[in-house]
Structures are given as structure tokens and as C-alpha cells.
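Reader: I have a new model open on my screen and would enjoy a guided tour. Could you take my questions one by one?

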Amino acid sequence: MRILLRGLLQLHRIRVEAEAEGLTEAVRLLREHRPTIIVADAHLSDGSATELVRLARSAVPGLRVVLVAPSSRPPPAGPPDGAPDVVLLRPFRIQQFAEAVLPRGPSPPPS
């Protein structure tokens, strides 16, 4: 899954700074690289996705989190500080991935 996600990010010209298999390594890399977005698979070698989101946002305030999960086992709704910005269920279309990871422009002014 990491190879697929890395390739899709690179396809959309998003530089991949680092990769991790589990929570412990991910938090260490987050503190080191301080990214603006992370894309994480819900299956981690250690820890849970909810814990990853909570610790990631604590390490990097304002971090955007995209969580990829199988449609057969979507992540449970957790506490607000453990909720990702986007849950992308597999299988997904490339357009859905792009909408989840690409920066959003400012909202148009109300009419």
C-alpha cells in the first residue's frame, strides 16, 4: 500500500519526505520533518490510526491527515482529536485521491 500511495502522491507532484510502518516511527519522522499533510494507511505495524492522528496533530499543529482504509473495515469514529480530515475508502479512484490530498484554495466569497 505504501508503494501505491507514494506513487500517487508523486503523480500529483507532492514530495514524499518520509515513510513509516507504524506509529512510533511515524511520530519520530513527523517531529523531524514537520510536514503539512500526512497520508496514512489505517493498518499500522504498531499503534492505531486514531492514536496516530492524535499524536501527529500534537507534534505538528495544523497538520492535514488523510487516512486510507478498506471499505470493508472503515475506521471507527473516535474522539475529535483522533479524527482524520479525510477518510478515503479503498478501492478509490485517482480523482478521489487527488481531491483528498491536493491543497484546497480559499473558499469563494459568499454571494
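This is a predicted model: local features need pLDDT of at least 70, side-chain atom pairs count only at pLDDT 80 or more; totals for chains, interfaces and linings use all residues.

Reader: In which order do the three strands of the open sheet stand?

Author: Start with the pairings: five bridges join E1 to E2, and these two run parallel. E2 and E3 also pair in the parallel sense, over five bridges. E1 and E3 stand at the edges, each with a single partner strand, so one side of each is left without a neighbour in the sheet. The order is therefore E1-E2-E3.

Reader: Which residue of E3 is the bridge partner of Leu67?

Author: Let's look at both pairings. For Leu67, the bridge partner in E3 is Val87.

Reader: How many of the five residues of strand E1 are buried?

Author: Strand E1 spans residues 37-41 and is mostly covered. The cut-off for buried is under 20% relative accessible area. The number of buried residues in E1 is four.

Reader: Are H1 and H4 roughly parallel or roughly perpendicular to each other?

Author: Helix H1 covers residues 2-11 and helix H4 covers residues 94-101; their axes are 11 Å apart. They pack at an angle of about 75°, and angles of 65 to 115 degrees count as roughly perpendicular. H1 and H4 are therefore roughly perpendicular.

Reader: What kind of residues make the contact of H1 with H4: nonpolar, polar or charged?

Author: From H1 come Leu5, Leu8, Leu9 and Leu11, which meet Ile94, Phe97 and Val101 in H4. Among the residues of this contact there are no polar and no charged ones. That leaves seven, and they are nonpolar.

Reader: Which elements each supply at least two residues of the largest nonpolar core?

Author: This core has 13 residues, and Val66, Leu88, Phe92, Phe97, Ala100 and Val101 touch the most other members. Leaving aside its neighbours within four places in sequence, Phe92 is in contact with Leu5, Leu8, Val68 and Phe97. The elements that each supply at least two residues of the core are H1, E2, E3 and H4.

Reader: And is Ala59 buried or exposed?

Author: Ala59 lies in helix H3, residues 49-59. Not counting residues up to four places away in sequence, Ala59 touches Arg31 and Arg34. Its C-alpha atom is separated by 9.2 Å from that of Arg28, 31 residues apart along the chain. Because its relative accessibility is 11%, Ala59 counts as buried.

Definitions and conventions:
Residues are numbered from 1 along each chain as its sequence is written. Side-chain values use heavy atoms; hydrogens and water are left out. Axes are lines fitted to C-alpha atoms, for helices over the stretch in contact, and angles run from 0 to 180 degrees between N-to-C directions. Angles under 35 degrees count as roughly parallel, over 145 as roughly antiparallel, 65 to 115 as roughly perpendicular and the rest as oblique. Contact means heavy atoms within 4.5 Å. Ala, Val, Leu, Ile, Met, Phe, Trp, Tyr, Cys and Pro count as nonpolar, Asp, Glu, Lys and Arg as charged, and the others, Gly among them, as polar. A nonpolar core is a set of buried Ala, Val, Leu, Ile, Met, Phe, Trp, Tyr and Cys residues joined through side-chain atoms within 4.5 Å. Buried means under 20% relative accessible area, exposed over 50%, partly exposed in between (1.4 Å probe, protein chains only). Two strands pair if DSSP finds at least two bridges between them.
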